[in-house]
Amino acid sequence: TNAQEKFKGNTLTAGEAKTLLTAAKDAGEPIYTAILLPMVYGLRRSEVCGLRWQDIDFDNGVMHICNTVVKGKSGHVEEESTKTEKSNRYLPLIGFTIPYFRNLLQQQISSGSKCDKVCQLSDGSPVLPDYMTHKHKEFLAAHGLPDIRVHDMRHTAASLLAAHDATPQQAQEFLGHENISTTLDIYTHCLDESKRKTADIMDKIYLS
């Protein structure tokens, strides 16, 4: 899977990420949850679809990533454990998302939803991986944003952490990368950009 995970540099800038999140919030459910989870929490598509309310512990302020929904060979969707051992992780709930998750849970309970998934359609059925990919592509196009894959939103989360001084180890634990090399691929890309800016500064110093 390392080849698949290899970083290609398809990420949104901080500005684009904020624009996307705001647009998604205005669009409501399930698009907001489907974009918030990969872009802010760095979840994989299978982890977004697998996240259950029982995995969110409001009292202790943590989210347990331990359940995934993947497409099986027979075309149906099956649940399994996380992709790798490191993928099974606990994430602290991020401040601005807590009231949002609490409200979402209340809305789902009020609507009589029997589904235990965080990310679900208005009729109470769970959001599946293909739906996410399809909707995501449409949504980006509708808002004039670069056409990136759902997985690239996870890379966006990593590159934004890199740009704001999170260490590669911090990002690796947060995103559940099995190998630090995957995280470092993303970091190297961000560092290259930052080094280019430094080189430009040096250029200006000697040109002035």
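This is a short tour of the structure, stop by stop.

The model is predicted: local features need pLDDT of at least 70, side-chain atom pairs count only at pLDDT 80 or more, and totals for chains, interfaces and linings use all residues. Residues are numbered from 1 along each chain as its sequence is written, and side-chain values use heavy atoms, with hydrogens and water left out.

**Stop 1**

Select Glu29 and Pro30. A cis peptide bond joins them, with omega at about 0 degrees. Pro30 sits in the loop between helix H2 (14–27) and helix H3 (31–40). Helices (H or I, at least four residues) and strands (E, at least two) are DSSP runs, numbered from the N terminus. Most peptide bonds are trans.

**Stop 2: a salt-bridge network**

Select Arg44, Glu47 and Arg89. Salt bridges link these three in a network. A salt bridge here is a side-chain nitrogen of Lys or Arg within 4 Å of a carboxyl oxygen of Asp or Glu. Zoom in on Arg89 and Glu47: their bridge spans 2.9 Å, N to O. This pair links distant parts of the chain, with Arg89 in strand E5 (residues 89–92) and Glu47 in helix H4, 42 residues apart.

Are these two buried or exposed? Arg89 is buried, at a relative accessible area of 4%. Glu47 is buried too, at 1%. Buried means under 20% relative accessible area, exposed over 50%, and partly exposed in between (1.4 Å probe, protein chains only).

Now select Arg45, in helix H4 (residues 45–50). Arg45 is partly exposed, at 33% relative accessibility.

**Stop 3**

How many salt bridges does a search of the whole structure find? It finds eight. Select Asp130 and Lys71, whose side chains meet in one at 2.9 Å, N to O. Asp130 lies in helix H6 and Lys71 in strand E3 (residues 68–71), so the pair ties together parts that are 59 residues apart in sequence. Asp130 is partly exposed, at 42%. Lys71 counts as exposed, at 51%.

Next, select Lys135 and Glu138. Their closest N and O atoms are 3.4 Å apart in a salt bridge. Both lie in helix H6, three residues apart, about one turn of the helix.

**Stop 4: the cavity**

Together they line the largest cavity. H3 and helix H6 (129–142) each give two or more residues to this lining. The largest share, four residues, comes from H6. The volume is about 40 Å³. A cavity is a set of points on a 1 Å grid over the protein atoms alone where a 1.4 Å probe fits but cannot get out; lining residues have an atom within 4 Å of a point. Grid points are joined across faces, edges and corners, and a volume is the space filled by probe spheres set on the points.

**Stop 5: helix H7**

Select residues 150–163, helix H7. These 14 residues reach 20 Å from first C-alpha to last, close to the 20 Å expected at 1.5 Å a residue. The expected span is 1.5 Å times one less than the number of residues. Ten of the 14 are buried, so H7 is largely enclosed by the rest of the structure. Among the buried residues are Asp152, Arg154 and His155. Just after H7, select Asp165, which takes a positive phi of about 70 degrees.

**Stop 6: helix H9**

Finish at Ile205, in helix H9 (residues 180–207). Ile205 is partly exposed, at 47% relative accessibility.

How values were computed
On a 1 Å grid over the protein atoms alone, a cavity is a set of points where a 1.4 Å probe fits but cannot get out, and a pocket is an open set with protein on both sides within 12 Å along at least five of seven lines; lining residues have an atom within 4 Å of a point.
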